[in-house]
Structure formats: C-alpha cells, structure tokens
Amino acid sequence: MTPHTLAEHMQLLGAQAKTAAAHMAKASAALKSQALRNLAALLRANVDALQIDNAKDIARATAAGLEAPMVDRLKLSPKVLETCAQGCEQLASMPDVIGEIMGMKQQPSGIRVGQMRVPIGVFGMIFESRPNVTIEAASLAIKSGNACILRGGSEAIESNKALALLVQQALVAAGLPAHAVQLVSTTDREAVGHLIAMPEFVDVIIPRGGKGLIERISRDAKVPVIKHLDGNCHTYVDDPCDMDMAVTVTDNAKTQKYSPCNASESVLVARGVAAAFLPRIGRVFADKGVEMRCCPEARALLASVQGAQLKDATEQDWFEEYLGPIVSIKVVDGLDAAIEHINHYGSHHTEAILTRDHMHAQRFLREVDSSSVMVNASTRFADGFEYGLGAEIGISTDKFHARGPVGIEGLTSLKYVVLGQGEIRH
C-alpha cells in the first residue's frame, strides 16, 4: 500500500471497529457465549489446515535467522490450539460481567449511587510471534463486549490471517458483526503508527512483545497503553524450606519453558539453605544445559557439580530477562535481602517464595512490589488461563486500571449510575 492508502485503510478499520463495538456492547451474554463456542469448534475442526499455514511462517522465520526462542513462540501445535479452544469454552461458561451494577448505596439526598461495568470500546492489540494471541485477544474481546483491531508480527502473518478468518466466521454464525475482530493484514510497519494514533476510534492499546516494541508504543501512542516491558521474574528459596519441593518448583519455574515472560530468570537462595540447595538445583540445571551466572558464594557452592556451566554474574545479570537456558543465581542473607533485591532489580512481573515460614510468606506477599506474588508455586502459573480468567490479553506491570494478567475485567471500565425518584439538589 502507498502511505495514503495505508492511512485510509487504517481509518476504515477504526471506523468499522467503532461501529461493531456499539453492537458488541449491547449483545446478549448468550450470543457472545455462542460465538466463543463456535470458535472453539472451528479451532478443533481446522487443526490440520492451521498447521499448514503455520508451517509457512515457521519455515520463513527459520530461513530469516529468527532466534530460537522467537521461533518457539511461533508454533501452533495441536496442544496450543486445544488450549486456545479450552480458553474459549472457559470464557463462554463464565458469568457475563457486562452490565453488572455494584456498590449501590443510598445517599442522604435519597438518590442511590453505584457503578456499572461496561466495555472499554475498541482496543488495539500489537503483538509479536505468538499467533495464539490472536485467539486470546479475540475471545476476550467477544466476552467483554468490545471490538478489537489486531496487528500481529510479520513473522506470523499466515497463521494470524487463518485464525482471524475463523474468528469472523464464529462471530457471523452467532449473529454478531464480523468487524468486532479485525486483523491488520499488511506487514507494513507504518500500520502500527496509525493504529496507536487514532483516539477517535481506539480507546486503549495493548502491546505484547519485546521490550523495544513496547518502549516504542509507550513513547508514540496517543491513546492509553496497558503494558509490561519485560519479565525478570525471581524464585526465592527461603530458610526454612521444603528442600525437595524447592528443587522441583525452581526447576519448573526456569526450565518448563524458557521463552515465556513468566519463566524465572533469577534464583535467590537464603544463606542458611544454600549449601544444601545449590548443589541439587545445580545438578538439575547442568543436566538440562542451563548456564548459571553466579555470585562468588553461589559459584563456590556449585563448583563441585559435574558438567555445570558456571560464569561470574555481572551487575547487568541481575536485571536480565534471558528468555533462554540461562539463569542468574545469588546467595542472600535472608528474607529482607531477597525482598530488597527483587524490588531493586526486578521488572515487577512475578516473584515466588519457597518457604515453610508462614510469617515470611505473608511479608513476601505484602512487601514485594510485583503484579503477581506467589508462595510455594512456580512463577510459570502467572497466566490468565491458569488464573481462571479464560485467557489473557497480556500482563500489566502498571498500577493504573489493570495489573497482572489482564482478562475480562481489565477490558472493562466502570461508570457511575444514579437511581432516583424525583430528587432534586438543594
């Protein structure tokens, strides 16, 4: 497209989304649930066809030299598609929060004042690699009564086109507007610039991808942004802890999958358990080929682990999101030092404490300044599907409007409603 036609195209998508949003806002819960069940059925019926389209994207990305973690995020396996379908069904079965009135209170004047939950309107979603985000965004838009404009990465264009077509089929079959979910089908990067600068059509932008993308969106957007920059997540092994559980959970938090933003990138270990814990987790990491970047004390305790890939940690390592088989490891004095380290170096995403001490657990929950804080569980659980939200549009480390995994409620707003019987103000 020429710059002129691209601008016109984006304006058209915006106008169509705005019109569709008005229809979605008043759609019944039954129709929205039907669209979601339609989508789940279509995903299951088209697994083979979707994998053919996805294979084109993977082949092109591999040939272009895309890094392994990014190629991994690109894959639409049958398991990924089944998770998407289950997410749609989970959303369909959840109560509809749109129109819900809460906090209604009688005032001295006689009026009753409360708040009603309503859709945001139109959200723009800009994301990289993972094509399953197309389904997560679309399904949450449907359930929350919003319209959305999706702009995926060029590396997943074939997969995203195929998925968006199924979404529109599911909407139309339920009697809802196809334009409630639209995909920006051009890979022209200028399309992003238009999408984030259309406040007359778009109410909020949600970027999901690398730090560079999110920094650019945050800097240039003319509409509000829901975001997180990176996921430097921590697992803190406390004194006292259940040693077997600590090894199992720390292993899962780091190695279950390396590429997601909720994988633990840093392991902090209380000095009182370090000599017992570090050789055991070091053995696990060594067997899986995980490079360990250590403080001097941790490195000394790991030196006897055969085959361990050990390096001295730099100051930058404590800030780093690796998205791969690398982990930073530090021995700390105890709970206070762990909390201080996390709040200083972390990205306010997800942190976990593994402990037997109830008071330590409660302090960790209160004092760690992150969007998800866990006790005796893997950071890999920081996910809308795992939290029972049905799906997530992303994770927010901001403190306004939405924080943590953003599900249905994060895509809604509240407006005041006042019920009276002829009262007038004196």
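Q: What places Ile326 in strand 11?
A: Strands are DSSP runs of E of at least two residues, and helices are runs of H or I of at least four, numbered from the N terminus. Strand 11 covers residues 326-332, and Ile326 is therefore in this strand. The model is predicted, so local features need pLDDT of at least 70 and side-chain atom pairs pLDDT 80 or more, while totals for chains, interfaces and linings use all residues. Residues are numbered from 1 along each chain as its sequence is written, and side-chain values use heavy atoms, with hydrogens and water left out.

Q: Which residues does Ile326 touch, not counting residues up to four places away in sequence?
A: Contact means heavy atoms within 4.5 Å. With residues up to four places away in sequence not counted, Ile326 touches Lys254, Glu265, Val290, Glu291 and Arg293.

Q: What makes strand 5 and strand 6 edge strands?
A: Two strands pair if DSSP finds at least two bridges between them. The open, parallel sheet has the order 5-4-3-6. Strand 5 (181-183) and strand 6 (204-208) each have a single partner strand, so one side of each lacks a neighbour in the sheet.

Q: Why do strand 3 and strand 4 count as paired?
A: Strand 3 (residues 122-127) and strand 4 (residues 147-151) share 5 bridges in the parallel sense, and the criterion is at least two, so they pair.

Q: What is the direction of helix 9 relative to strand 6?
A: Axes are lines fitted to C-alpha atoms, for helices over the stretch in contact, and angles run from 0 to 180 degrees between N-to-C directions. Helix 9 (residues 211-220) lies across strand 3 and strand 6, at about 165° to strand 6.

Q: How many cavities of 30 Å³ or more does a search of the whole structure find?
A: On a 1 Å grid over the protein atoms alone, a cavity is a set of points where a 1.4 Å probe fits but cannot get out. Grid points are joined across faces, edges and corners, and the volume is the space filled by probe spheres set on the points. The search finds 1 cavity of 30 Å³ or more, and the largest cavity has a volume of about 40 Å³.

Q: Which residues line the largest cavity?
A: Lining residues have an atom within 4 Å of a point. Those of the largest cavity include Ile206, Pro207, Arg208 and His228. Strand 6 gives the largest share, 3 residues.

Definitions and conventions
On a 1 Å grid over the protein atoms alone, a cavity is a set of points where a 1.4 Å probe fits but cannot get out, and a pocket is an open set with protein on both sides within 12 Å along at least five of seven lines; lining residues have an atom within 4 Å of a point.
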